[in-house]
Every structure is written in structure tokens, then in C-alpha cells.
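Please read it alongside the sequence and the model.

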Amino acid sequence: MARYENIRQALDDLPVFDVHSHLGAKGKWCARDIRDLIGYHWLKIELERLTGGKIEGASDVQSFMARVLPLFPAIRNTSTHYCFVGMLKALYGFEGATLTAENWEGVNEAIESAARRADQRAKVLDTGKIRKVLVARRDMPESNPGDRFVPYDYGEKTISLEADEPGDLDRIEKRIRAKVAELADAGSKALHMAFMRTERYLPDSAPDTVSALLDRKRGGASLSADEANRIHSWCLDILTDEAGKRGVVVQVFHGMARYASPVSANGALDVDPGFMRNMAILAGGHPGTTFDLFLATRQPSHESASFGRILPNLCLSGAWWHGFTPATLKMFYRDRLEMLPNTAWTAFYSDGYTVEWVIGKLHLAKHCLALVLAEMVSEGFYSEDDALRIARNLLWENPLRTYGG
Ligand SMILES: [Zn+2]
């Protein structure tokens, strides 16, 4: 355990690059009171699972807490709860094991008082030495000291076709290329591409086939999943080609679908066994474009590492949504450490909506990374010094090289 403790402690001295967040969405960067922290959807879905209904809606913080506090013992074991308590300890000096009727008001006062500080955003990120964060370009702050915030755009919007868009492929291609060029000129470093449920890249899309499908679509026909994928893939080839020319990274998100439930349209795991094989064809077909793969599930962990091993332009990053749990994080880290150069992947991204949760998620990522690094030192793969040099690449140098900023 001493080896783990040494490595874990040393990780806190390293700078961190967070390669995906939603900071600044709807103008929000910091929590205003405890409801903003409990309301983060990763924690909220666990609480709503217990109530079968929405936990929001209370007009004041007292009523909200009266509703949620009795639920905390039931989620005491989850990794999201671990992140939540780790965040309270790091930011507010919290000493409890969980939120209770006795301690929550002290925590809430600390959050409210921190929220009044003008430099709260930077102060929280500095707590985790988070020097760079990818933020949606539309949410970029006016003031960006040290170029801490690095812009990305939602690439899905760039290739989505309007229902009545004429099936003129030349015109569509020009539109997609012009849009990517415009985003790159505006400073965008990455395009976010989430592949949901049946969406899959299909190689070798013949223009005649795509044109005929677009005509059918415009005529009101409903296309099969494969037919829709054919159009999407033709557009994706153009987008990735232009992104490569403009030095924009294509971030691919895989492993989740949205399921409507009586509570909310939350996402759950959804793996397409053919996705990874075709993902490799996409990356292999565009050697001039850098891809960064974000997985929500451990099933393709080994497979994705094998593709990362052979394709110089395919990076792997962190863990997405339900994949951000210790069992999956440790598997990702172990597969990648065993199989990939330590220059080929990144250990962390937060997916955070407020800066406080970036700290909460980093707490779990560092814990898992230290466990796996220490385990491999004990097994004789490398020394403790090597482990720290590797960790610096995984938390800082690699994403800095990939995304610049
Ligand atoms: Zn996200």
C-alpha cells in the first residue's frame, strides 16, 4: 500500500489536461449552492432511481435536502458518491463520510460563500492543477487567462442533413468542408462526434448509392439503420478528411444510447460489436486525421487498445459516462499500459458541467491510475520513477501535444 500511497500523492504534483467538459453550458461554471452539486446528472440518476421521480422542484434548499438526505445511505457504496465526498473534502475541508442532517448546512454555507468569490472558477481548477480544459466554443468565457480553456465544437451538427436538403453531393460536400474550415478558423481544436445506438461507420460509400438514398429520404421514405448509416458515413469521410487538413481532432464517443424512462431520457450502455472494427477502418482510411476514442463500456477495451497499437493516428482517452467507474477505469488503464506506448493515450477527462465536479472526477481517476501503476511496479514492469514519468504523459503531455492550446 505504501507504493500506492507514494504514487497517488505524487500524482497531485502533476499538471492535468481535461480533454472533454461541458463547463460554461447555459452560462454555468460553478455551483451556487449544494443543489447544483447534488443535481449533477451522474449523482442525480442514482437518487432518482431510489425515488422513482425527479428530485428537483423544491423551491428552497431546506426542502430539497429534506427530500434527498434520506437517500444517501443507499448510495454510500457507489463510485459517484466517492467522487462527491472526495470533491467536498478537497474544496471545502469536509471531514464526514457522507452528507447527513448534522453536516450538510456547513457544507452548503461553504459552497455559497465560495460562489461569491470572483475568482472561484480558477481557484477550483487550480486545486487539481487543471491547466487546460476543452470547453464547447459556444460556451467559451470572455476572459481566458493562460489560454486555460480550449474550444471544441459539436461535429454532429456539421454533418446533420436537413430533411429537404437536395441530393446534390457536390453541394453537400462543399458545405461540410466549408463548415469544418470555418470552425478551425474560429479556433476549434476538436469535433465531438457521439455515435448512438445503431450509428456506425460504413466504409466505401458509393456516391450514386448515397445520392439515391438522399432522394428517397427527401421523398419521405423512412430509411433503415444501415441506409441512414450509409449517408452519415459518406458525410463522415468528408468531415474527417477536412478535419485532418485543418488540424482538428475528431473525438469519437461510443457505447451509450438514450433510453426514455418515466424519470428522464437517461443513457445506458449499448454496445455494437461491429462498431470498433469499422472505427478502425475509418481511422485507417484517414491517416492524416487524429482520432480520440472515448468508450462508455469496458467490453471493447482490449479491442480498442489493439487498434490504438497499430494505428498511429488513433488515441484513446479516459472513460465515458457509465464507463467512469473503478472496475472499468482500471481495466482501461491496465489494457492501455500493457499494450500502448505511453504517448498514445490520455488518462482523464471530466465531462463535468461545473468546475467542482471536474475535481470530484479527477479524484477517482487518480485513485484508479495510482492503483494500476503501483500494481504494475509491484509486478516488475517498471520502477516507481518510471510510473511517474508515464503518469505525466497520460495526464498532461499527451493531450497537450494532441490538442495544443
Ligand atoms: Zn460530454
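## Terms and basis

Axes are lines fitted to C-alpha atoms, for helices over the stretch in contact, and the angles between N-to-C directions run from 0 to 180 degrees. Helices (H or I, at least four residues) and strands (E, at least two) are DSSP runs, numbered from the N terminus. The model is a predicted one, in which local features need pLDDT of at least 70 and side-chain atom pairs count only at pLDDT 80 or more, while totals for chains, interfaces and linings use all residues. Residue numbers start from 1 along each chain as its sequence is written.

## Helix α15 and its two partners

Helix α15 (residues 355-378) packs against helix α16 (residues 384-403) at an angle of about 145 degrees, and their axes lie 9 Å apart. Contact, meaning C-beta atoms placed from the backbone that lie within 7 Å, brings L369, L373 and V377 of α15 together with E384, A387 and A391 of α16. By class, this contact has 5 nonpolar, no polar and 1 charged residues, where Ala, Val, Leu, Ile, Met, Phe, Trp, Tyr, Cys and Pro count as nonpolar, Asp, Glu, Lys and Arg as charged, and the others, Gly among them, as polar.

Helix α7 (residues 120-127) also packs with α15, here at an angle of about 5 degrees and with the axes 9 Å apart. That angle makes α7 roughly parallel to α15 (angles under 35 degrees count as roughly parallel, over 145 as roughly antiparallel, 65 to 115 as roughly perpendicular and the rest as oblique). R121, V124, L125 and T127 in α7 meet V355, E356, V358 and I359 in α15, a contact with 5 nonpolar, 1 polar and 2 charged residues.

## A391 in helix α16

A391, which belongs to helix α16, is buried, with 21 other C-beta atoms within 10 Å (20 or more count as buried, 12 or fewer as exposed, and numbers in between as partly exposed, with C-beta atoms placed from the backbone). Leaving aside residues up to four places away in sequence, A391 touches L11, L14, L369 and L373.

## Strand β2

Strand β2 (residues 130-136) is mostly covered, since 5 of its 7 residues are buried. Strand β1 (residues 16-18) pairs with β2 in the parallel sense over 3 bridges, pairing being assigned if DSSP finds at least two bridges between two strands. V16 has I130 in β2 as its bridge partner. The pairing of β2 with strand β3 (residues 149-154) is likewise parallel, over 4 bridges, and A136 stands opposite Y152 in β3.

Terms used: Contact = placed C-beta atoms within 7 Å.
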